[in-house]
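Please work through each task before reading its solution.

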Amino acid sequence: MTGRREVLKAGFAALAGTQLASAWAADKKKDDEPPPRPAPLMTKAVPSTGERLAVVGVGTNNYSPTTPEERAARREVLAGLTAAGASVIDTAPSYRQAEEVIGDLLADIGNRKQAFLATKVSAPEGSLQRGVEMIEESFRKLRTDVIDLIQIHSLNGIEVLFPHLTQLKEKCRVRYIGVTTSSGSQHQQLVALIRNQPLDFVQVDYSLANREADETVLPAALEKRVGVLVNLPFGGRNANNNLFSRVAGRDLPDWANAFDARSWSQMFLKYVVSHPAVTVAIPGMTKLGHLEDNLAAVRGRMPDAMQRARIEKFWDQNFEA
Ligand SMILES: NC(=O)c1ccc[n+]([C@@H]2O[C@H](COP(=O)([O-])OP(=O)(O)OC[C@H]3O[C@@H](n4cnc5c(N)ncnc54)[C@H](OP(=O)(O)O)[C@@H]3O)[C@@H](O)[C@H]2O)c1
């Protein structure tokens, strides 16, 4: 009897040992396995070339940090953006130190090749000379021989700047040419330019709370195959009147799950980038947490036409006076 009990004990011990060993092996395998990869970022093609870009980039009108901590936070955003496979960085000479900060940070991170640099130019008092100087300063500050996109800022200086930008493109110093606005009063002028100039991109204000462009600029861009960057997708940086202040204290509706929106910013961004004319949205972001939230917005399902209509109706019923 004793002998049998001993054998059974030994057998159970061996079995337990085997189970432990296989549990350990499974755990080890889990440790060795790389963490599951996040779903890929949604991309769209630039209509004039077919080059694919992730549909979210970053706007940098708040990239003049005043402390080392603020600078480090912006570095994290620029590094995280390209590490995730996104690329568009929108800036301008008029955004105080932004061009210089971006040039320095990209050189430090070593991700210039992964970035798509979009800057702007204007012609103060119609002066081509001043516009040319501004462009050359942009090359120097951004520390690059080629700028991916130069946009005529708020349509200031189209006549004098367009021929110069065309020459720069022919010399392969600039890859794409565009124009920008963030004002509804310029949308009709933008439509005329879309129809009459060989533009690669327009940049326009568009959000769930500001849909004017959907009636004018966006259909024209779609028809003429011009790429669209969207500025002010959250209604701007002013915390008193942007979209976040409107939804403060309110829960995201359950049905937003159907297109994988888990936060208000994801609903706002998915609404913008799911418009067929929109190529890339460029929300301002100076915090890694905001970048992560916004990158998650361009993964997973997007609202279809019926869901977009539902989002609009929900917004109008709940958040418009
Ligand atoms: N005429 C023109 O050409 C023109 C005019 C205006 C703007 N722009 C361009 O468009 C870009 C975007 O405009 P904008 O930056 O003024 O306004 P915006 O993108 O509508 O809003 C930016 C604000 O949203 C916050 N934010 C970003 N992601 C968030 C998230 N996930 N959750 C909560 N808050 C979030 C940002 O905070 P943090 O900064 O704290 O992250 C910032 O305060 C500008 O940076 C600029 O590049 C061009």
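A polar contact is a pair of N or O atoms within 3.5 Å; within protein, one must be able to donate a hydrogen and the other to accept it, and residues adjacent in sequence count only if both atoms are side-chain atoms. This is a predicted model, in which local features need pLDDT of at least 70 and side-chain atom pairs count only at pLDDT 80 or more, whereas totals for chains, interfaces and linings use all residues. Residues are numbered from 1 along each chain as its sequence is written, and side-chain values use heavy atoms, with hydrogens and water left out.

**Exercise 1. Q151**

Task: Is Q151 buried or exposed, and which side chain does the side chain of Q151 join in a polar contact?

Solution: 
- Step 1. Q151 belongs to strand 6, residues 147-152 (strands are DSSP runs of E, at least two residues; helices are runs of H or I, at least four; both are numbered from the N terminus).
- Step 2. Q151 is buried because its relative accessibility is 0% (buried is under 20%, exposed over 50%, partly exposed in between; 1.4 Å probe, protein chains only).
- Step 3. The side chain of Q151 makes a polar contact of 2.7 Å with that of Q203.
- Step 4. Beyond four places in sequence, residues touching Q151 include D90, K120 and V179 (contact means heavy atoms within 4.5 Å).

**Exercise 2. Salt bridges**

Task: Which residue forms a salt bridge with D148, and how many residues apart in sequence are the parts that the pair ties together?

Solution: 
- Step 1. The partner of D148 is R175, with the closest N and O atoms 2.6 Å apart (a salt bridge is a side-chain nitrogen of Lys or Arg within 4 Å of a carboxyl oxygen of Asp or Glu).
- Step 2. Because D148 lies in strand 6 and R175 in strand 7 (residues 174-180), the pair ties together parts 27 residues apart in sequence.
- Step 3. D148 counts as buried at 5% relative accessibility, whereas R175, at 33%, counts as partly exposed.
- Step 4. Salt bridges with shared partners join E51, R112, D148 and R175 into one network.
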